[in-house]
Amino acid sequence: MDELRSVAGSVTMVWLALVDSEPIGVEVQAQVLLDAAMSYLVSRAGDLMLATGDVADGVCVERNHLATGDEFEIVTWGRFAP
């Protein structure tokens, strides 16, 4: 996550979220949202999905609850890809 925050800088991205089961997109500064991601936004009920307006760059952070403990899966593309 530290590397993702570093790459994000002050880039404005679209946060894709569900509100009352309806998808919405909100423009946010990626670094600010990534700072709060692991503590507040990523849960078993919801993933963190960010993409640039043209969808050329993005990141999805998913939390999976397993019998052996929680596991996080991070999918990246564009500027965020390793």
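1. Ala30 sits in helix 2, which covers residues 30–41. Helices here are DSSP runs of H or I with at least four residues, strands are DSSP runs of E with at least two, and both are numbered from the N terminus. Ala30 counts as buried because its relative accessibility is 0%. The cut-offs are under 20% relative accessible area for buried, over 50% for exposed, and partly exposed in between, with a 1.4 Å probe and protein chains only. Leaving aside neighbours within four places in sequence, Ala30 is in contact with Ala8, Val11, Met13 and Leu50. Contact means heavy atoms within 4.5 Å. Ala30 and Thr12 are 18 residues apart in sequence, yet their C-alpha atoms lie 5.9 Å apart in space.

2. A word on the model. This is a predicted model, in which local features need pLDDT of at least 70, side-chain atom pairs count only at pLDDT 80 or more, and totals for chains, interfaces and linings use all residues. Residues are numbered from 1 along each chain as its sequence is written, and side-chain values use heavy atoms, with hydrogens and water left out.

3. How confident is the prediction? The protein chain averages a pLDDT of 81, and 89% of the residues score at least 70. pLDDT is the predictor's confidence in each residue, on a scale from 0 to 100. In the protein chain, confidence is highest in strand 2, at a mean of 90, and lowest in helix 2, at 74. Where pLDDT is low, the predicted coordinates should not be read in detail.

4. Now the overall layout. The protein chain has 2 helices and 5 strands. From the N terminus on, the elements run α-β-β-α-β-β-β. Of the 82 residues in the protein chain, 28% are buried. Take the contacts between residues at least 6 apart in sequence: 30% of them join residues at least 24 apart.

5. The surface comes next. The protein chain exposes about 5,200 Å², and carbon and sulfur atoms supply 51% of that area. Accessible areas come from the Shrake-Rupley method with a 1.4 Å probe; for residues, only the protein chains shown count as cover. Val19, Ile24 and Val26 make a nonpolar surface patch of about 200 Å². Patches are made of residues with over 30% relative accessible area and no salt bridge; like charges are joined within 9 Å, and nonpolar side chains (Val, Leu, Ile, Met, Phe, Trp, Tyr) within 5 Å. Val26 is found in strand 2, residues 22–29. Val26 counts as partly exposed because its relative accessibility is 34%.

6. Look at Asp57. It lies in the loop between strand 3 (48–51) and strand 4 (58–66). Is Asp57 buried or exposed? Asp57 is buried, because its relative accessible area is 14%. The side chain of Asp57 reaches the backbone nitrogen of Arg79 at 2.7 Å. Not counting residues up to four places away in sequence, Asp57 touches Met13, Leu50, Ala51, Thr52, Trp77, Gly78, Arg79 and Phe80.

7. How many salt bridges does the structure hold? It holds 1. A salt bridge is a side-chain nitrogen of Lys or Arg within 4 Å of a carboxyl oxygen of Asp or Glu. Arg79 forms a salt bridge with Asp57, and the closest N and O atoms are 3.8 Å apart. The pair links distant parts of the chain, 22 residues apart: Arg79 is in the segment after strand 5, and Asp57 is in the loop between strand 3 and strand 4. Side chains of opposite charge can pair when their charged atoms come close. Arg79 is partly exposed, because its relative accessible area is 40%.

8. Two phi angles deserve a look. Most residues other than glycine have a negative phi. Asp20 has a positive phi, near 50°. Asp20 is found in the loop between strand 1 (12–19) and strand 2. Asp20 is exposed, because its relative accessible area is 72%. Val55 also has a positive phi, near 60°. Val55 lies in the loop between strand 3 and strand 4. At 52% relative accessibility, Val55 counts as exposed.

9. Last, the end of the chain. Where is Pro82 placed? Pro82 is in the segment after strand 5, which spans 69–77. Pro82 counts as exposed because its relative accessibility is 97%. Pro82 and Glu3 are 79 residues apart along the chain, and 9.4 Å separates their C-alpha atoms.

How values were computed. A polar contact is a pair of N or O atoms within 3.5 Å; within protein, one must be able to donate a hydrogen and the other to accept it, and residues adjacent in sequence count only if both atoms are side-chain atoms.
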